[in-house]
Amino acid sequence: MADLRRFVTFKGDKVIWYMIIMLMIASVLVIYSSTGRLAYKEQEGNVLYYLIKQLFLLGGCFVIMFFLQSVNYKYFSKYAGWLLVISVGLLLYAALAGANINGAGRWIRIPLIGLTFQPSELAKLAIVMYTARIITFAQTERHCENYAFSKFLIYVGPVILVIFMDSFSTSMLISAVCYILFIVGRLRWALLGKIAGGVVVAAGVMIVLLLYVPQVEKVGRLATVKSRVTDFIQGGKDTDGYSAQSVYSKIAVARGGLLGNGPGNSVQRNFLPHPYSDFIYAIIIEEYGLIGGGFIMLCYLIILFRIGVIVRQCTRIYPALLVTGLGLTIVMQAMINMGVCVGLFPVTGQTLPLISMGGTSLWFTSAAFGMILSVSHSFSEEGEEALRREENETDEDSDEEPCEDDEADETDIEEELEAKGREVLRKMKN
């Protein structure tokens with residue numbers, strides 16, 4: 001019983017826990033309201049089916065976060081490479097034999113439980129974890145060595161390319177997060193400028209090819225990307241396709257006004273193709289008004305602020321970069337979803353983290369929060385005391401049983417890196 005109480009303890013940043021719970025409560029309310037049409041279509045009118053399913057998934061979210069918050073962040077660095085390899089294998093499997101959902105063969109069905117998941121969700125976590133590790137090991141007292149970016153291109157670049165073939169928006173999101181990590185990790189400004197210039201040139205070439213070489217549209221989902229961007233630029237002149245989705249979403253926002261129409265009183269949920277996932281923020285505003293929509297946005301902004309607080313508390317480079325990358329991934333995805341719903345961005349397919357109805361995407365988001373809470377807990381007074389006890393126990397065990405040479409060398413390297421990292425991080429903060 002004592003072990004169970006320790007497991008369900010809310011460790012780490014308490015404000016982030018409060019925001020997580022707030023978002024989950026909002027998820028339950030809006031999912032129940034927005035899945036009525038889907039329930040009549042797929043579940044013979046059983047409107048409780050998707051509510052119960054969402055509650056089950058949210059329960060799994062708590063289990064994941066409770067588990068990961070107690071895991072030492074060093075393990076996230078240690079197994080980042082293996083996680084990246086696994087995600088590559090799953091991405092390739094999904095591309096070749098994945099389930100086709102919403103026109104994209106990028107889903108894998110989990111046997112027995114009937115859930116589906118996108119390997120790109122796992123890849124996002126793996127890429128952030130491994131990129132933070134690359135940058136950490138390339139640190140010097142003055143900057144991050146250029147070979148860090150070369151290593152990134154060799155090991156992470158192909159993974160992003162595979163994601164690009166099936167999810168343009170996800171690949172752009174994770175690329176932007178990694179670029180910010182290199183900025184935070186002090187990669188030379190000259191190289192950062194070259195990278196930005198290369199991206200601009202590549203984007204220009206892709207636009208020209210899409211406009212004048214029709215065969216290019218057959219590559220991945222570039223045809224979908226072109227349609228979405230074209231519809232967005234035309235301002236919803238078409239009555240079908242992606243323009244219609246955007247128009248219905250903006251109608252929902254307009255109907256919501258300041259105070260909204262009340263829970264369960266959305267009209268546009270009957271017209272939007274995915275009111276419970278891609279356009280759930282529009283339903284929130286329609287039912288709860290700009291006040292409700294503003295509250296949801298405030299929750300994500302508070303999470304971003306607390307991410308900054310946790311980074312300031314870190315005394316080592318890797319956890320600081322890890323928290324930065326994971327936090328930015330969550331918040332930027334939320335901002336993209338909200339921007340699409342109010343008409344600021346083209347339709348992307350990005351869901352609203354912890355709110356949109358999803359399968360295992362909720363669990364991967366919870367895994368990201370769990371790692372953030374782990375770092376927060378590690379650098380709290382309670383966490384540092386626990387770490388000292390663990391190190392003392394390890395020292396006692398090492399006195400009784402000598403370590404293998406390889407393990408000893410690896411430990412020495414990690415200790416030397418952490419010692420250098422603490423000094424470098426101190427200078428970065430100053």
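What follows is a set of questions and answers on a predicted model.

Student: What are the ground rules for numbering and confidence?
Tutor: Residues count from 1 along each chain as its sequence is written, and side-chain values use heavy atoms, with hydrogens and water left out. The model is predicted: local features need pLDDT of at least 70, side-chain atom pairs count only at pLDDT 80 or more, and totals for chains, interfaces and linings use all residues.

Student: How many helices and strands does the protein chain have?
Tutor: Both are DSSP runs, numbered from the N terminus: helices are H or I with at least four residues, strands E with at least two. On that basis the protein chain has three strands and 18 helices.

Student: What percentage of the residues count as buried?
Tutor: Buried means under 20% relative accessible area, exposed over 50%, and partly exposed in between, with a 1.4 Å probe and protein chains only. The chain has 430 residues, and the buried share is 47%.

Student: Among contacts between residues at least 6 apart in sequence, what percentage join residues at least 24 apart?
Tutor: A contact means heavy atoms within 4.5 Å. With the separation set at 24 or more, the share is 73%.

Student: Which helix supplies the largest share of the nonpolar patch?
Tutor: Patch residues have over 30% relative accessible area and no salt bridge; like charges are joined within 9 Å, nonpolar side chains (Val, Leu, Ile, Met, Phe, Trp, Tyr) within 5 Å. A salt bridge puts a side-chain nitrogen of Lys or Arg within 4 Å of a carboxyl oxygen of Asp or Glu. This surface patch holds M22, F295, M297, L298, L301 and L304, with about 480 Å² of accessible area together, by the Shrake-Rupley method with a 1.4 Å probe, where for residues only the protein chains shown count as cover. Five of its residues come from residues 280-313, helix α14.

Student: Is L298 buried, partly exposed or exposed?
Tutor: L298 sits in helix α14. Its relative accessibility is 44%, so L298 is partly exposed.

Student: E44 has a positive phi; is E44 buried or exposed?
Tutor: Phi of E44 is near 55°, and the residue is not a glycine. E44 lies in the loop between α3 (36-42) and α4 (48-68). Its relative accessible area is 80%, so E44 is exposed.

Student: L354 also has a positive phi; is L354 buried or exposed?
Tutor: Phi of L354 is about 70°, again without a glycine. Its loop runs between α15 (317-341) and α16 (361-378). The relative accessible area is 1%, so L354 is buried.

Student: How many disulfides does the structure hold?
Tutor: The test is a pair of cysteine sulfur atoms within 2.5 Å. C178 is buried at 1% relative accessibility, and C341 is buried at 0%. The disulfide count is zero.

Student: How many aromatic pairs are there, and how is the pair of W17 and F62 classed?
Tutor: Rings of Phe, Tyr and Trp (its six-membered ring) pair if their centres lie within 6.5 Å; planes under 30 degrees apart count as stacked, over 60 as edge-to-face and the rest as tilted. The structure holds 15 aromatic pairs. The rings of W17 and F62 have centres 6.3 Å apart and planes at 0°, so this pair is stacked.

Student: How far apart in sequence are W17 and F62?
Tutor: W17 is buried at 1% relative accessibility, whereas F62 is partly exposed at 23%. W17 lies in helix α2 (residues 14-34) and F62 in helix α4, so the pair ties together parts separated by 45 residues.
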